Amino acid sequence: MAMQTKGRNRKAVLAELRKIREQDLKYRDGRILCSMCTEPHPTAKIAHQMFLSSNLGDAGLFPGTLRLEKEAISKLAGLLHGESSAGFIVSGGTEANLLALLAARNTADVSSPEVILPQSAHFSFSKICSLLRIKPVQASLDSAFRVDPASVRHCINRNTIAVVGTVGTAELGAVDPIDKLSDIALEYEVYLHVDAALGGLILPFLKNAPAFDFRLKGVKSITVDPHKMGLATVPAGGILFRDSACLEHIKTETPYLTEDVQYTFVGTKSGASVAATWAVFESLGREGFTKTVNRCLRLTKTLSASLESRGFNLVTKPALNIVAFRSSNSKLLVKALRQRGWFVSYVPRLDCVRIIVMPHLRKRHVAAFLKDLSEIPERF
Ligand SMILES: Cc1ncc(COP(=O)(O)O)c(C=O)c1O
């Protein structure tokens with residue numbers, strides 16, 4: 001479609017946009033059961049609007065927004081026990097993981113670098129390995145779909161530049177034994193990155209959660225995404241390094257900008273979602289997050305128990321807010337649900353249906369889903 005010669009008036013443009021927006025799903029309708037993003041917190045939406053023109057790619061022009069980023073990172077560091085850690089709000093978990101492996105690779109300076117990834121690692125690592133020319137080496141999982149530390153140990157060699165563990169795997173929400181990985185990392189003096197894109201804003205609000213953060217001495221960096229369980233606007237990922245020494249390995253000089261260096265991969269960078277992240281942290285505080293997280297986990301329990309009582313097999317007991325189950329034909333069941341307006345995922349690797357219980361889901365949505373599910377023929 002070619003650009004028209006004359007512009008249209010604002011009313012017409014906005015009216016068309018409103019119409020087109022109707023084609024998109026809305027989180028608030030409770031039909032999106034397959035996304036790690038969610039409806040942003042109401043204050044995040046206002047904050048986003050307020051900082052729409054702010055670009056942290058040229059941070060010297062936006063010292064106010066830069067302050068918000070520093071404060072948001074400092075709050076995340078507090079949650080993750082990173083007293084001297086440094087980091088950035090980035091475009092998402094993919095960029096956060098990329099920066100971590102870039103730091104690991106540049107620190108190690110090995111000519112044929114390899115990274116040990118659990119079989120359950122997020123696909124962003126495939127992109128990253130291809131970009132950074134790092135060989136991925138797969139470590140196997142235990143019966144609860146967590147990485148097997150013995151397998152990780154077995155994979156280590158002199159080319160290993162990093163080990164990755166996940167807190168909230170994308171397919172099942174499994175939590176790898178980061179304490180064991182930390183011990184291995186210390187023993188072999190290898191970089192340990194924790195991808196807590198999802199779980200990093202869940203575990204800190206749970207009683208008796210396993211340690212996965214900078215309390216474990218082997219952990220060098222953590223991905224934790226405000227645009228997932230942090231209720232921020234998109235794009236807001238987070239990367240935290242144990243200390244600022246790591247930053248030396250990811251910096252790029254930016255000679256003609258207001259700041260001399262950039263540490264993130266993207267250049268021009270949204271200040272709006274940074275402000276939104278800060279706004280959610282201020283609005284919710286630990287109490288608000290604890291409430292939100294526990295509500296999601298209670299609903300996860302209700303959903304998984306109801307599925308089991310209807311004869312579906314859970315792939316594993318949910319560790320976080322993801323329910324994965326099988327029917328006699330999971331792929332067809334996903335299609336049948338889609339026809340009824342429910343968006344759940346089919347996970348080919350595990351041949352199962354996956355549901356992520358994000359904060360936009362309410363009891364009534366889960367009840368309506370279960371009712372529709374029970375009306376789908378037996379053979380699925
Ligand atoms: C564990 C994990 N890591 C990384 C990512 C990538 O995050 P993003 O899509 O924000 O780049 C995801 C996305 O779902 C994820 O679940």
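First, the ground rules. This is a predicted model, with residues numbered from 1 along each chain as its sequence is written. Local features need pLDDT of at least 70, side-chain atom pairs count only at pLDDT 80 or more, totals for chains, interfaces and linings use all residues, and side-chain values use heavy atoms, with hydrogens and water left out.

Let's start with the ligand. 13 residues surround the ligand, each with a heavy atom within 4 Å of it. The closest are Gly93, Thr94, Asp195, His227 and Lys228. By class, the shell holds three nonpolar, seven polar and three charged residues. Here Ala, Val, Leu, Ile, Met, Phe, Trp, Tyr, Cys and Pro count as nonpolar, Asp, Glu, Lys and Arg as charged, and the others, Gly among them, as polar. Which helix gives the most to the shell? Helix α4, residues 93-108, with three residues. Helices here are DSSP runs of H or I, at least four residues, and strands are runs of E, at least two, numbered from the N terminus.

Now the contacts with oxygen atoms of the ligand. Glycine 93 places a backbone N or O atom 3.0 Å from a ligand oxygen. Histidine 227 uses a side-chain N or O atom, at 2.9 Å. Lysine 228 also brings a polar side-chain atom, at 2.9 Å. Taken alone, the ligand exposes 390 Å², and the protein buries 82% of that. Those areas come from the Shrake-Rupley method with a 1.4 Å probe.

Stay with lysine 228. Lysine 228 forms a salt bridge with aspartate 225, closest N and O atoms 2.5 Å apart. A salt bridge means a side-chain nitrogen of Lys or Arg within 4 Å of a carboxyl oxygen of Asp or Glu. Is this pair buried or exposed? Aspartate 225 is buried, at 0% relative accessible area. Lysine 228 counts as buried too, at 13%. The cut-offs: buried is under 20%, exposed over 50%, partly exposed in between, with a 1.4 Å probe and protein chains only.

How many salt bridges does the structure hold? There are 13. One of them joins glutamate 282 and lysine 75, with N and O atoms 2.2 Å apart. That pair links distant parts of the chain: glutamate 282 sits in helix α8 (residues 272-309), lysine 75 in helix α3 (residues 63-79), 207 residues apart. Both ends are partly exposed: glutamate 282 at 40%, lysine 75 at 34%. Glutamate 375 and lysine 371 also meet in a salt bridge, at 3.4 Å, N to O. Glutamate 375 is partly exposed, at 48%.

Next, the sheet. Four strands form an open sheet, order β10-β11-β13-β12, with antiparallel pairing. β10 and β12 (345-347) stand at the edges with a single partner strand each, so one side of each has no neighbour in the sheet. Pairing requires at least two DSSP bridges between strands. β10 (residues 313-314) and β11 share two bridges. Leucine 314 has phenylalanine 325 in β11 as its bridge partner. β11 and β13 (residues 352-356) pair over four bridges. Valine 323 stands opposite isoleucine 355, and isoleucine 322 has isoleucine 356 as its partner. β11, residues 322-326, is mostly covered, with four of its five residues buried.

Last, tyrosine 256. It lies in the loop between β8 (252-253) and β9 (261-262). Tyrosine 256 counts as exposed, at 74% relative accessibility. Its C-alpha atom is 9.8 Å from that of aspartate 58, 198 residues away along the chain.

Technical notes
Polar contact = N/O pair within 3.5 Å; in protein donor to acceptor, adjacent residues only side chain to side chain.
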